[in-house]
Amino acid sequence: MTTPILSARDVRKSYGRGSNRFDALKGVSLDIHEGESVAIIGRSGSGKSTLMHVLALLDTPTDGTVELAGADTGTLRGASLNRTRNTTFGFVFQQFFLTPNASVLENVVLPLKIAGVGRRERRRRGLAVLEQLELADKARNAAVNLSGGQKQRSVIARALVNDPRIIFADEPTGNLDTATGAVVEDLLFGLHREQGITLIVVTHDEELAARCDRRIHIRDGRIVDDEAVAA
Ligand SMILES: Nc1ncnc2c1ncn2[C@@H]1O[C@H](COP(=O)(O)OP(=O)(O)OP(=O)(O)O)[C@@H](O)[C@H]1O
Ligand SMILES: [Mg+2]
């Protein structure tokens, strides 16, 4: 059995304290193996985004552990935490988080800039991913002027520029019309299939969930179902 790329053990996450305390995750354990595509599904407020943020090391659990490729992440802080996140993960969230007045290229190469990659190399790799996502002609446009689908493709380009092992996507098609959503979905699954990138997707979209190898159903902060989808 290979070591899971991500492993959560009895993860708990509470917000607030005293009578205001809310237990958003109540003991979640799961293993995700490299190359899997996993949908995290469940009602609004069930804890999906919270779980994704903890798995993506964007937030720390109140209790429990998250291992990345067999290494405990609980001791990572500051620069080493940023580096780990930045070199291993790509993020595709519903709210695009693009800097509106910066160019598409500048937005896309931001993770490389954070990683200390030099200007020329940033440009080369940024243009290469924009090419891959058929956005090369928009490289110099301000992000604010892109259409919704182009923004989401830019976000995917930015998620890819560091050659990540895992892409985390939270409602990646939530703000897009059906046709554009389908394009973005095909892109994500294409990357999964062709580059073996592990895909972890939070979604309300049944069809999107059905395309994943596995569906993890969250209810009130617990996993209530974890099913492999028949191929
Ligand atoms: N910073 C916070 N402070 C207090 N409560 C929070 C905080 N963040 C999330 N919660 C609560 O934790 C619960 C889980 O939130 P989470 O965002 O994980 O839900 P979700 O399953 O992603 O929902 P949605 O489908 O609506 O995005 C919710 O009840 C939410 O109100
Ligand atoms: Mg959410």
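Student: How many bridges join S4 to S5, and which way do the two run?
Tutor: In this predicted model, 2 bridges join S4 to S5. The two strands run antiparallel.

Student: Which residue is the bridge partner of Leu-68?
Tutor: Ala-71, in S5.

Student: What is the strand order in that sheet?
Tutor: S2-S1-S4-S5. The sheet is open, has 4 strands and pairs antiparallel.

Student: Which strands stand at the edges?
Tutor: S2 and S5. Each has a single partner strand, so one side of each is left without a neighbour in the sheet.

Student: And what holds paired strands together in general?
Tutor: Backbone hydrogen bonds, in parallel or antiparallel pairing.

Student: Is Thr-73 buried or exposed?
Tutor: Buried. It has 21 other C-beta atoms within 10 Å, and the cut-off for buried is 20 or more.

Student: What does Thr-73 touch?
Tutor: Leaving out residues up to four places away in sequence, Thr-73 touches Leu-57, Val-66, Glu-67 and Leu-68. As for Val-54, it is 19 residues from Thr-73 in sequence and 10 Å away in space, C-alpha to C-alpha.

Student: Now another threonine. Where is Thr-62?
Tutor: In the loop between H1 and strand S4 (63-68).

Student: Why does Thr-62 count as partly exposed?
Tutor: Because it has 15 C-beta neighbours inside 10 Å. Partly exposed falls between the exposed limit of 12 or fewer and the buried limit of 20 or more.

Student: What does Thr-62 touch?
Tutor: Arg-12, Lys-13 and Ser-14, again not counting residues up to four places away in sequence. Val-92 is 30 residues along the chain from Thr-62, and their C-alpha atoms are separated by 25 Å.

Student: Switching to ligand 1. Which residues surround it?
Tutor: Tyr-15, Gly-16, Phe-22, Ala-24, Gly-42, Ser-44, Gly-45, Ser-46, Gly-47, Lys-48, Ser-49 and Thr-50.

Student: Which elements give two or more residues to that shell?
Tutor: Strand S2 (22-32) and helix H1 (48-55). H1 gives the largest share, 3 residues.

Student: How does the shell divide into nonpolar, polar and charged?
Tutor: 3 nonpolar, 8 polar and 1 charged.

Student: Lys-48 is in that shell. What about Ile-40, which touches Lys-48?
Tutor: Beyond Lys-48, Ile-40 touches Leu-51, Met-52, Ile-200, Val-201, Val-202, Ile-216 and Ile-218. That list leaves out residues up to four places away in sequence. Ile-40 and Ile-200 have the most contacts inside the largest nonpolar core.

Student: How many residues are in that core, and which helix gives the most?
Tutor: The core has 60 residues. Helix H6 (residues 148-160) gives the most, with 5 residues.

Student: Ile-216 and Ile-218 came up. Which strand covers residues 214-219, and what does it pair with?
Tutor: That is S9. It pairs with S10 (residues 222-228) in the antiparallel sense, over 6 bridges. His-217 stands opposite Asp-225 in S10.

Student: What about the turn of that hairpin?
Tutor: There are 2 residues between the strands. Asp-220 takes a positive phi near 45°.

Student: Last topic, the chain overall. How many helices and strands?
Tutor: 8 helices and 10 strands. The radius of gyration is 18 Å, close to the 17 Å that the globule rule gives for 231 residues, so the chain is as compact as a globular protein of that length.

Student: What share counts as buried?
Tutor: 41% of the 231 residues.

Technical notes:
Residues are numbered from 1 along each chain as its sequence is written. Chains are lettered from A and ligands numbered from 1 in the order in which they are written. This is a predicted model: local features need pLDDT of at least 70, side-chain atom pairs count only at pLDDT 80 or more; totals for chains, interfaces and linings use all residues. Two strands pair if DSSP finds at least two bridges between them. The radius of gyration is taken over C-alpha atoms; the globule rule is 2.2 Å times the number of residues to the power 0.38. A nonpolar core is a set of buried Ala, Val, Leu, Ile, Met, Phe, Trp, Tyr and Cys residues joined through C-beta atoms within 7 Å. Two residues are in contact if their C-beta atoms, placed from the backbone, lie within 7 Å. A residue is near a molecule or strand if its C-beta atom, placed from the backbone, lies within 6 Å of it. Ala, Val, Leu, Ile, Met, Phe, Trp, Tyr, Cys and Pro count as nonpolar, Asp, Glu, Lys and Arg as charged, and the others, Gly among them, as polar.
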